Amino acid sequence: MDVNVRLRDIPSVDELLRSAILVEAVECFGRLAVTEALRNVLATTRDEVLKGGEVPPPDAIIATAVAALEENDRSTLRPLFNLTGTVLHTNLGRALLAEAAIDAATAAMREAVALEFDLESGKRGERDDHLRALICELTGAEDATVVNNNAAAVLLVLNSLAAGREAIVSRGELIEIGGAFRMPDIMLRSGTRLVEVGTTNRTHARDYRDAIGPETGLIMKVHTSNYRIEGFTKEVGARELAGIAHERGLPLVNDLGSGTLADLERFGLAHEPTVGEAIADGADIVTFSGDKLLGGPQAGFIVGRSAFIERINYNPMKRALRVDKIRLAALEATLRLYRDPDRLGERLPTMRLLSRPKTDIGDQAARLAPLVERAVKGAFRVSVVDCESQIGSGALPLSTVPSAGLALTPRSGSGRTLAELAAAMRHLPMPVIGRIERGSLILDLRCLEDEDGFVANLAHLDPPSEGPSS
């Protein structure tokens with residue numbers, strides 16, 4: 001057939017827009033978006049016809065346009081199954097919020113709230129008031145404030161208490177956090193001059209005392225939550241360091257990093273210094289995160305002595321770093337859960353996931369193994385394996401939690417096929433993220449609570465075929 005005849009067979013935009021499917025699409029995506037999608041598909045169709053191709057039926061053109069609309073409308077912040085074995089995975093959003101926090105955040109989004117309005121007096125209020133009493137109750141601190149993350153908390157504290165002056169820190173505590181952000185760089189941006197004392201593996205009390213001078217603004221202790229130095233080591237404990245600082249009239253700032261309000265040993269985990277312990281040990285200011293072990297949304301807490309918190313709150317930078325009503329609502333609801341420590345393990349997702357018994361996870365793996373094997377269509381062996389889950393986000397880096405999962409191993413032994421399977425898992429309607437380790441794709445099931453949803457999701461899997469890829 002002559003190419004010009006085939007081109008005339010391509011339906012027009014107006015003709016296609018009269019179809020029932022696209023009438024519905026217009027209601028969903030808007031007429032402008034639907035029209036643009038149709039024009040793109042028709043332009044591609046014309047190019048194919050000019051190359052000798054056939055005109056697809058109208059239904060196929062419509063389906064292609066709708067698929068493009070749906071793909072373009074899909075959020076890039078997609079929910080997924082975290083089967084990496086890392087509970088607080090920074091790249092996957094860290095802590096899952098408790099239902100109480102989700103409800104509180106939703107209410108704050110839907111309605112006007114008394115964010116900075118005192119309902120008793122009818123006058124302007126302070127947004128810190130929503131958390132101050134609660135966090136002080138849970139930590140024993142005199143006062144508290146909150147900013148948008150812990151790096152911001154450290155920056156604000158240093159700028160408020162030691163701008164233009166020196167801050168003394170042990171060399172063994174000059175940490176780097178995710179994204180190559182380093183403590184010395186944060187200190188530089190705060191306007192504070194870093195004074196390093198001791199060596200990487202050993203710092204003594206005399207090192208701090210010898211470094212104190214007329215330009216010293218504060219002493220800082222940084223909890224090395226994302227690594228450990230072992231062997232021939234020495235550090236000055238928080239209580240002793242507080243005494244050294246106070247002897248010379250200096251504040252001690254203790255950055256806990258991940259930070260926790262609860263004793264993790266009650267959940268079967270290794271001990272991690274709590275905020276309450278840091279306050280009791282004499283720190284004047286303690287900083288810590290909200291979205292790690294605390295189990296809330298991203299935030300940076302600053303707690304400690306009232307005189308220092310007052311100076312921090314008067315810093316103009318505080319306004320640039322403050323949190324909005326949604327996070328405040330979620331934080332308040334999360335903190336309230338800590339008033340009932342006996343039920344924290346069931347109500348706070350972070351603690352619930354970290355404390356899941358290995359036997360329960362192993363039983364789940366045994367149930368899922370034949371279903372996963374069916375989904376991969378025989379191209380992979382699926383076996384139940386022991387795993388070691390990690391807490392993640394820099395918390396207890398040497399501690400793991402016994403877990404169980406599934407190992408998907410290519411029958412052909414092809415590493416490329418394994419990478420293709422991982423990619424196919426990522427392209428499921430709800431992506432599945434595992435880890436490739438020792439020639440297998442490992443799916444650690446510690447964080448899998450929606451078992452039925454996971455199985456239904458696997459029905460869409462298009463695994464690579466057995467044998468090396470060409």
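User: Why is Phe 301 called buried?

Analyst: The term buried means under 20% relative accessible area, exposed means over 50%, and partly exposed lies in between (1.4 Å probe, protein chains only). Phe 301 has a relative accessible area of 1%, so Phe 301 is buried. This is a predicted model, in which local features need pLDDT of at least 70 and side-chain atom pairs count only at pLDDT 80 or more, while totals for chains, interfaces and linings use all residues. Residues are numbered from 1 along each chain as its sequence is written, and side-chain values use heavy atoms, with hydrogens and water left out.

User: What makes the rings of Phe 288 and Phe 301 a stacked pair?

Analyst: Rings of Phe, Tyr and Trp (its six-membered ring) pair if their centres lie within 6.5 Å; planes under 30 degrees apart count as stacked, over 60 as edge-to-face and the rest as tilted. The centres of the Phe 288 and Phe 301 rings are 5.0 Å apart and their planes stand at 15 degrees, so the pair is stacked. Phe 288 belongs to strand 9 (residues 285–289) and Phe 301 to strand 10 (residues 300–304), 13 residues apart. Helices (H or I, at least four residues) and strands (E, at least two) are DSSP runs, numbered from the N terminus. Phe 288 is buried, because its relative accessible area is 0%.

User: How many aromatic pairs does the structure hold?

Analyst: The structure holds two aromatic pairs. In one of them, the rings of Phe 81 and Phe 454 have centres 5.5 Å apart and planes at 85 degrees, so this pair is edge-to-face. The pair links distant parts of the chain: Phe 81 lies in strand 1 (residues 81–82) and Phe 454 in helix 20 (residues 451–458), 373 residues apart.

User: Why does Phe 81 count as buried, and why does Phe 454?

Analyst: The relative accessibility of Phe 81 is 6%, so Phe 81 counts as buried. For Phe 454 the value is 0%, and therefore Phe 454 counts as buried.

User: How do you know that the side chains of His 223 and Glu 272 make a polar contact?

Analyst: A polar contact is a pair of N or O atoms within 3.5 Å; within protein, one must be able to donate a hydrogen and the other to accept it, and residues adjacent in sequence count only if both atoms are side-chain atoms. The contact between the side chains of His 223 and Glu 272 is at 3.0 Å. His 223 is found in the loop between strand 7 (216–222) and helix 11 (238–247). With a relative accessible area of 14%, His 223 is buried.
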